[in-house]
Amino acid sequence: MNGEIIGVWIGAILTLGIFSFLYKDNSFYKFSEALFVGISAGYWFVVTFWQYFIPKFWDNLSLSFHELVVNGRIDYHWIYLIGGFFGVLMLLRLVPKIGWLSRWSLAFIVGTTAGLQFTRYLESNGIRQVVGTIKPLVVGGNLGTSFGNIIIVVGTFCGLIYFFFSKEHKGAFGGAARVGVWFLMINFGAMFGYTVMSRMSLLIGRMDYLFADWLKLIK
Amino acid sequence: MRREVPLVLTAMVGITMIIAHFIPPFNILKDLFEDWFFIIAAFAIYLGISNLILVNGDKIYKKQKGWPFGLVVILGFLVMTVIGLFFSGGTSFQDPGTPFYYLYMNVYYPLSATMFALLAFFVASASYRAFRARNVEATMLLLAAFILMVGRVPIGYWFSDWLGDALGKLADWIMDFPQTAGQRAIMIGIALGVVSSALRVILGLERTYTSGE
Amino acid sequence: MVGAEDVTNPVAESTKGIQTPPAPPTNVTAKDIPNDKGGAVTISWGKSADDGSGAKNVTKYEILRSTKRDEGYEVIGNTVAGATSFSDNAAENKVLYFYKIKVLSPTGTAESLPSASTFAKRQWFNLSRLSLFILSLVIGFAILYFIERAKSEKGLFIRRIAGLEAVDDAVGRATEMGRKIIFVPGIMDMDSMQTIAAVTILGRVAKLAAEYEAKLEVPVCTSLVMVTCREVVKEAYLNAGRPDVYNDKMVYYVTNDQFAYAAALDGLFLRERPAAVFLQGQFYAESLILAETANSVGAIQIAGTAMPTQLPFFVAACDYTLIGEELFAASAYLSKDPKLLGSLKGQDVGKFIFLLVILIGAVFLTLNSVLGLNLPNLGRLF
Amino acid sequence: MDEMTNREKKTLWENLLSIDRRIIFIFIAIAISLPLFFKTSLKMPVSPVVQGVYNAIESLPAGSKVLISFDFDPGSMPELQPMAESFFRHCFRNNLKVIIMGLWPQGPIQANIALDKVFRELKEEEKAVKVPQYGIDYVNLGFTAGNEVVIDRMGHDFQESYPADARGTPLSEIPLMQGVRNYDNVDLIINLSAGYPGTQEWVQYAVDVFHVKLVAGNTAVQAPSMYPYVQTGQLTGVLGGMKGGAEYELALNRPAKAVSYMFSQAVAHVVICLFIIIGNIAFFTMRKRKT
């Protein structure tokens, strides 16, 4: 038996372990789950180390250090030390007395996220979508396009009405909100149905692995 | 210090990020802050990992129910980490042929792909339970899902071939128009939700996470 | 080099020796690239008349640059035949440059006339984002205005959000049954507003749990979220007057991995049989894996996400779902703090502006199309 | 007696109203697995976007050079691997020369898996046909980091991104690569894509800048966002998901994995729809009884 065959057997057994969960919780699943949690935690730890810690922190600082020692210059890469400083503050949580310092790092992160996503969402989720909705309701001679455009404008309009928080959904306003809910429901249903196909593809892939790669029952 | 510094820091950083979007020279800060975020996360992962080992080690030590599975977690973590850090060629650890790649392909990938594939079953059980024509809204949900499910595979074509693949075309039409309309309303709402909560965070109105004593 | 080109261009063989150079490129212009931090110039030109076919068919263009008009040109890059523009990303700010384009063909080379001088400069404001800037200000001020006004105004109306009304019941039910509440704050890190929204919701839920004395458990997917959730839950128990009940073990890290996290949660749901499950935050494909399993153990599920791709699955499988914007409104709604509620009213102003733009924009375009008018396209404003 | 049957009927409908989900699971498992064992050919129309892909390859004269970029990883294997195999079958059947590359680290490995399969078929089925030779009929350049920058550089010179192939042989020593400098010397680019970098980057950096001809195979989730490019002609054709793969196999008159997968798809969809119908019939029957 070579490594490849052993690998397929391991993979197949673990595949069955996960599937066994569909019947009920059992030791076989618990084993697969525990192994998955451990292995994946290790996987992301290694990835974080090699792809974030090393290039973004270590490499930048060694560059600065090199400049300092060889050329006696202080270059701008030292600025990554501040990131490292916040990182160390984070680790201070392990020291109960000064653990509160980690809130500085959290404050930095939360501030960055809020600032970045403020403009990003307003632009791509807000403005772009509004612009895409501005369409003529009647296109001369083209009934299909006209009808489609009306659906888009009315649907988006009523859907947004549903999201109003400070106005009671009563009367004409309530009616529009109700129509909005219908569009949301069609959106949910359609997205659900649309996704079924790719979900089935995944299971087909696993079954093919079991029957073809492992058991070699099909070609 | 404990209370003020985090509040001021959040506000300053947040406002800087917004300004950077409009003032090109500030873009450098934007990239820098994002890098710092990754550095902080790279440091912080030790907190998570130590917690994971602590929880499972405790389980083993106290011989709690299911303690052998705690052992599996720790062993799995150690094997993957040691191999990835020391025995797989440094930064090229993900290259084919490394032991890390072998574990990825034969342990990690099958587990991951199978969890993902469970969705095929759950999609079926959820649609059976949820798609009932209880009222107008539920009927809309049901019909849209049904048409899309039938229209996107050959069965739809067999059923409606004589109508010029009407089901397939209807499915495309739903995706292009009413579906898009609903989606847009949701997306625009989200944009405003993000803007508003980002402002609340920057102003320090919503500060549950940084204001403890 | 030349040999390789000969191989690819058999025509060259037959025309060797004639050696008429190709027509030079025309109309070379150089412009600063707008709205950047400087350091770049875009150069464009008209194709050589021999670009496309014939014996003198162009093989490539070389871009030459100098700080003097008539001499000192150096090659700074090249493009394939057919190209008509190049971006010089190594220009120094505020230095005058001239550019020439050299055309290469099997039969010889030719140079264009130099461009007019230009220099790269740094812009202090990105004008292409002016409309976004104005809109940010308007919506931002609307929100601030209503936050201020809410301080003095009493009884601000906010419509009922069913999913949030159910939070009390869910926590109460968990207390009655003596079973756990499991709160899942999504699978993303703190660099997502959805995670931040989820964490603030956790604060409100934790306070309720402390008051009702229900057992709360928060398994999380990243270390930073773990730290933040601990802060929040601890604070909530303190505010509820129950700091004695809080324990760091309530919030724990599982793994950064999407599906391993889902596998662990599935196992947890089946073993603990929680009375209530909160799925709040940013979710991907694991949404339905979690929701279906929690449903199978009979837990009340309150979900909320701003991921349009995952909303359908939560709507199908959960008892209550906060849809998009409702997720961000949840903490304000649950807190009943007038200032936060005021911000919701500010959001409505934003929606009103968008509705108005859509309506007027659509009417304008319709009138243009039906009556042949020439009203402005509002979409172009952005 | 009557009362008995009545009650039994009642429980039947009640049962159908809340079928144990494990029963549904079994039906799905069977619906997916069983069709895999049958070699079937489905009747399906070949959509214009798929026909565009087929025509683009079919119209190339023998000896033309095709660049195939593998930009996906094992996560998208069920959808994209059958397409990869079909592309190879099509190219080798028409005696086209194939240059393989990848912008995703695991892409070129997926290519090797697909080649392995196609060669085995060739050996088994058509003994007369010679199996393509490495370096003469196809070459695997491997993976290079850099995402869209790689696409851009290759527009000037392949050697800037790929001084050597995946086996370390310098490009200048590979017969197939003689006279291949950049996209000008390639007749068609095929892109198999599951995200970023992928079809969108190939369109923006190769088609828009260097005016190459591009066709693509995409996951079902990504494909709809590529249709606009097909409308504008930036993309000559696209295969969307398993269905696109199956249609291409039919166009090629060589039904294979995707077609048999598609059979599983269809049966599974029917099963789900039947359960939804049963649930609704039970729901309405019960409601009628109650009122």
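Biologist: Let's start with the sheet in chain C: in what order do its three strands run?
Modeller: Keep in mind that this is a predicted model. In chain C the sheet is open and its pairing is antiparallel. Strands E1 (26-32) and E5 (85-88) of chain C each pair on one side only, which makes them the edge strands. From one strand to the next the twist averages 15°. Reading across, the order is E1-E2-E5.

Biologist: And which residue is the bridge partner of Ser44(C) in E5(C)?
Modeller: Look at strand E2 of chain C, which covers residues 41-46. E2(C) pairs with E5(C) in the antiparallel sense, over four bridges. For Ser44(C), the partner in E5(C) is Ser85(C).

Biologist: Now chains A and B. How much area do they bury between them?
Modeller: The contact draws on 111 residues from chain A and 107 residues from chain B. On the chain A side, Tyr43(A), Phe45(A) and Trp50(A) lose the most area to chain B, together 7% of what that side buries. Carbon and sulfur atoms carry 82% of the buried area, and the total is about 10,400 Å².

Biologist: How far apart are the closest N and O atoms in the salt bridge of Arg178(A) with Glu137(B)?
Modeller: The count of salt bridges between chain A and chain B is two. A pair counts if the side-chain nitrogen and the carboxyl oxygen lie within 4 Å. For Arg178(A) and Glu137(B), the closest N and O atoms are 3.0 Å apart.

Biologist: Which element gives the most to the side of chain A that touches chain B?
Modeller: Across this interface there are 14 residue pairs in polar contact. Helices H1 to H6 of chain A each give two or more residues to the side that touches chain B. That side divides into 69 nonpolar, 32 polar and ten charged residues. With 27 residues, the one that gives the most is H2(A).

How values were computed: Residues are numbered from 1 along each chain as its sequence is written. Chains are lettered from A and ligands numbered from 1 in the order in which they are written. This is a predicted model: local features need pLDDT of at least 70, side-chain atom pairs count only at pLDDT 80 or more; totals for chains, interfaces and linings use all residues. Side-chain values use heavy atoms; hydrogens and water are left out. Contact means heavy atoms within 4.5 Å. Buried area is the accessible area (1.4 Å probe) that two parts lose on being put together, summed over both. A polar contact is a pair of N or O atoms within 3.5 Å; within protein, one must be able to donate a hydrogen and the other to accept it, and residues adjacent in sequence count only if both atoms are side-chain atoms. Ala, Val, Leu, Ile, Met, Phe, Trp, Tyr, Cys and Pro count as nonpolar, Asp, Glu, Lys and Arg as charged, and the others, Gly among them, as polar. Two strands pair if DSSP finds at least two bridges between them. Axes are lines fitted to C-alpha atoms, for helices over the stretch in contact, and angles run from 0 to 180 degrees between N-to-C directions.
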